[in-house]
Amino acid sequence: MSGYVGIFLSDPSLQTHFTQVELRSLKTHFSSMTRDNGGVLAVKDLPAKMSRLKIVGENLTEDERASLIRNICPNLDLQLDFEPFLRVYLQLQAHVSTVMGSGAKSSSAFLKASTTTLLHTISESEKASYVAHINNYLAGDDFLNSYLPIDPTSNDLFEIVKDGVLLCKLINVAVPGTIDERAINTKKFLNPWERNENHTLCLNSAKAIGCTVVNIGTQDFIEGRRHLVLGVVSQIIKIQLLADLNLKKTPQLVELVENSEGIEELMNLPPEKILLRWFNFQLKKGGYMKVVTNFSSDIKDGEAYAHLLSVLAPEHTDPSTLEAKDIERARLVLQHADKMGCKRYLTPKDIVEGSPNLNLAFVAHIFQHRNGLSTETKQISFLESIPNDIQVSREEIMFRFWMNSLGNSSYIDNVFEDLRNGWVLLETLDKISPGIVNWKIATRPPIKMPFRKVENCNQVIKIGKQLRFSLVNIAGNDIVQGNKKLILALLWQLMRYNMLQLLKNLRSHSHEKEITDADILKWANSKVKDSGGQSHINSFKDKNMSDGIFFLELLSAVEPRSVNWSLVTKGKNDEEKKMNASYIISIARKLGCSIFLLPEDIIEVNQKMILTLTASIMYWHLKRPVEDSSSSSDSDNGSPEDTVSNSTLDDSASEYSLE
């Protein structure tokens with residue numbers, strides 16, 4: 001953004017460990033600590049003061065911080081400047097990253113750890129595993145065949161990702177159809193503009209499938225920043241591996257529960273938790289009574305693996321496996337998996353060392369290959385009692401991915417469950433309207449007393465009314481109880497407010513009036529008309545938009561080189577309409593729009609989604625002059641100010657309006 005001033009450190013090696021966004025945040029914390037401590041910050045003050053820092057504060061107790069800091073800097077009276085403070089912080093975070101997954105307070109450590117770490121250290125085992133996965137799943141791709149297979153012992157991966165094509169292709173493996181490959185620039189030699197477009201398309205598409213990419217920008221890929229590249233790759237692969245861990249894809253999972261109430265509970269669990277439940281279900285069937293609670297310390301001795309594989313593939317069981325110890329047992333476990341035909345990408349050492357990421361991936365591979373669940377359909381009749389509301393499902397996914405794109409402290413797996421304590425809602429409010437939350441009366445999770453959750457949610461409702469949300473007949477307890485309709489209505493208005501503020505801020509420099517949905521409609525029609533387009537829409541419900549031509553003309557109007565008209569169909573039938581809709585979404589993301597809609601939303605002319613798409617294109621177009629004159633890292637870092645919400649600007653467009 002204009003007026004941006006970076007923070008520069010005297011130690012160049014230290015400078016490389018942080019993005020400017022991270023440095024500004026840490027500088028603010030450091031200044032606050034020093035100010036609260038009478039203007040002087042000593043080593044002995046850090047254990048207590050660092051409780052405010054998200055990763056170090058949440059995952060280490062004060063006693064643990066004190067012990068680690070004493071080892072780092074024995075002189076407890078030493079007064080610290082900002083750079084020595086950063087060195088201490090880095091070492092504490094290095095410790096956190098080594099235990100993440102076996103005690104760190106994060107509901108999705110695998111998903112969060114890789115992208116929030118400030119260190120350049122990477123796991124060679126994880127890199128080799130991810131490279132093997134890429135070689136396996138992208139083998140035969142026409143464009144990538146000259147680059148694959150990648151040598152897992154080299155750093156070739158970080159060179160190949162610099163053109164953006166590989167990551168786009170990997171996203172499509174994880175969630176097929178996310179990116180229309182016609183929108184990927186696949187020339188042999190790409191110019192900087194085309195390369196940047198690929199990375200922008202990749203980042204916005206990664207958000208759209210549920211990745212958290214806060215503080216990661218196109219420049220990070222171009223420079224091949226290894227820890228950030230692996231962070232994104234690991235998330236994409238995890239989404240692929242856990243894709244079948246839901247009742248829609250694998251209805252046989254109903255065998256894990258005994259009644260319809262259990263099904264509701266199962267549906268609300270994140271995929272990792274379902275995988276653990278399946279793991280323990282199979283162990284219990286085999287007579288193994290120990291409970292596995294994580295993918296690290298609980299399975300590092302290989303005993304649980306040996307019992308699991310004996311249940312799933314008894315024909316390959318080797319009795320000597322349980323008699324062996326450590327590396328030898330892990331080796332026999334992997335031999336058993338190989339005999340099952342289960343592709344695996346970890347080593348015996350990874351099992352013994354309890355690598356949470358690689359062990360989770362291994363268990364997910366086993367589930368995909370042979371889950372051992374009943375194929376009988378009589379139990380699946382339980383599923384008939386669960387309402388299948390496709391629209392609610394789409395709304396929930398959209399809101400969930402939008403909130404995760406803001407970089408809140410907790411990853412949201414289900415908005416109806418994970419928002420019930422009110423904390424993430426307060427964080428979201430604070431991001432879209434900084435300073436509006438009174439944190440002194442808020443309670444951070446874990447929250448044991450129910451009334452504290454109600455207090456958090458009551459503050460959410462109070463702030464919503466302050467922001468003029470329509471909150472008729474809704475109270476904090478409705479959120480705590482998980483009322484779906486009311487939660488969706490609240491989230492819709494949060495997104496709406498976010499977009500309004502973004503557009504308002506862009507127009508504030510020219511002292512123009514605030515933008516309404518009617519203004520957006522008028523802007524879109526005038527852009528198309530002025531560029532020579534033939535399309536015109538009367539409202540955001542106009543069924544003429546189903547063929548996609550209007551949006552293609554709009555995108556071409558705001559960026560003439562964006563649409564390759566030779567790839568556009570006439571949109572005469574459903575297949576042609578879907579091709580156009582898919583192309584529209586990928587082009588918009590390629591330009592820089594962070595949107596969460598599906599091709600079906602365009603084909604069906606979903607009023608809310610159509611409005612969000614149009615508003616997102618308008619926002620991108622209006623902010624472009626500002627973006628062109630600013631640092632590219634700021635424009636791509638995923639901050640709330642730069643996140644284009646998939647929101648409407650008219651409450652009446654939502655089925656969940658409370659009016």
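**Helix packing and cysteines**

Mentor: The crossing of α13 and α20 is left-handed, that is, the near helix is turned anticlockwise from the far one by less than a right angle. This is a predicted model, in which local features need pLDDT of at least 70, side-chain atom pairs count only at pLDDT 80 or more, and totals for chains, interfaces and linings use all residues. Residues are numbered from 1 along each chain as its sequence is written, and side-chain values use heavy atoms, with hydrogens and water left out.

Trainee: At what angle do the axes of α13 and α20 cross?

Mentor: Two packed helices are described by the angle between their axes and the distance between the axes. Here the axes of α13 (residues 226-241) and α20 (residues 356-369) cross at roughly 30° and come within 10 Å. The two helices are therefore roughly parallel (an angle under 35 degrees).

Trainee: Which residues of α13 and α20 meet?

Mentor: K238, Q240 and L241 in α13 meet L360, A361, A364, H365 and Q368 in α20, contact being heavy atoms within 4.5 Å.

Trainee: How many disulfides does the structure hold?

Mentor: A disulfide is a covalent bond between the sulfur atoms of two cysteines. The structure holds 0 disulfides, the criterion being a pair of cysteine sulfur atoms within 2.5 Å.

Technical notes. Axes are lines fitted to C-alpha atoms, for helices over the stretch in contact, and angles run from 0 to 180 degrees between N-to-C directions. Helices (H or I, at least four residues) and strands (E, at least two) are DSSP runs, numbered from the N terminus. Angles under 35 degrees count as roughly parallel, over 145 as roughly antiparallel, 65 to 115 as roughly perpendicular and the rest as oblique.
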